[in-house]
Amino acid sequence: MTCQKTIGISKIEPNKGQVEGLPANPRKISRGRLEDLKRSIEDAPEMLGLRELLVYPHDGKYVVIGGNMRLRACQDLVGICCQISIFE
């Protein structure tokens, strides 16, 4: 089951394998691709609403299970809001 709500970006963590049964995100984020994504978000921030972060609650925070690079880009771009879906 999923739900949507607004939470602070500081409560969202990348997936480093901290949730039992959920392996760490195997993808590496290259600096070039991250910079491209940040430019894209700055040019069309409304596109973030079409591709939300998928998160799972864990120890009072939320772990990203889909969208680690978008999370990183949003953390770097101050004032950008991300849509999230929470799997519970």
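**Close-up 1. A salt bridge between E35 and R31.** In this predicted model, the side chains of E35 and R31 meet in a salt bridge with 3.0 Å from N to O; the term stands for a side-chain nitrogen of Lys or Arg within 4 Å of a carboxyl oxygen of Asp or Glu. Both residues sit in helix α1, four residues apart, about one turn of the helix. Helices here are DSSP runs of H or I with at least four residues, strands are runs of E with at least two, and both are numbered from the N terminus. E35 is partly exposed at 26% relative accessible area, and R31 is partly exposed at 48%. (Buried is under 20%, exposed over 50% and partly exposed in between, using a 1.4 Å probe and protein chains only.)

A word on reading these views: residues are numbered from 1 along each chain as its sequence is written. As this is a predicted model, local features need pLDDT of at least 70 and side-chain atom pairs count only at pLDDT 80 or more, while totals for chains, interfaces and linings use all residues, and side-chain values use heavy atoms, with hydrogens and water left out.

**Close-up 2. K38 and its two partners.** K38 forms a salt bridge with E35, their closest N and O atoms being 3.2 Å apart. K38 also meets D76 in a salt bridge, again given as 3.2 Å from N to O. Because K38 lies in helix α1 and D76 in helix α2, this pair ties together parts that are 38 residues apart in sequence. K38 counts as buried at 12% relative accessibility, whereas D76 is partly exposed at 38%.

**Close-up 3. The largest nonpolar core.** Eight residues make up this core: I12, L53, V55, Y62, V64, L71, I84 and I86. (Such a core is a set of buried Ala, Val, Leu, Ile, Met, Phe, Trp, Tyr and Cys residues joined through side-chain atoms within 4.5 Å.) Strands β3 (53–58), β4 (61–66) and β5 (84–87) each supply at least two of its residues. Apart from this core lies another, of seven residues, including L37, I41, A73 and L77.

**Close-up 4. Around I12.** Leaving aside neighbours within four places in sequence, I12 is in contact (heavy atoms within 4.5 Å) with I7, L53, V55, Y62, V64, L71, Q75 and I84.
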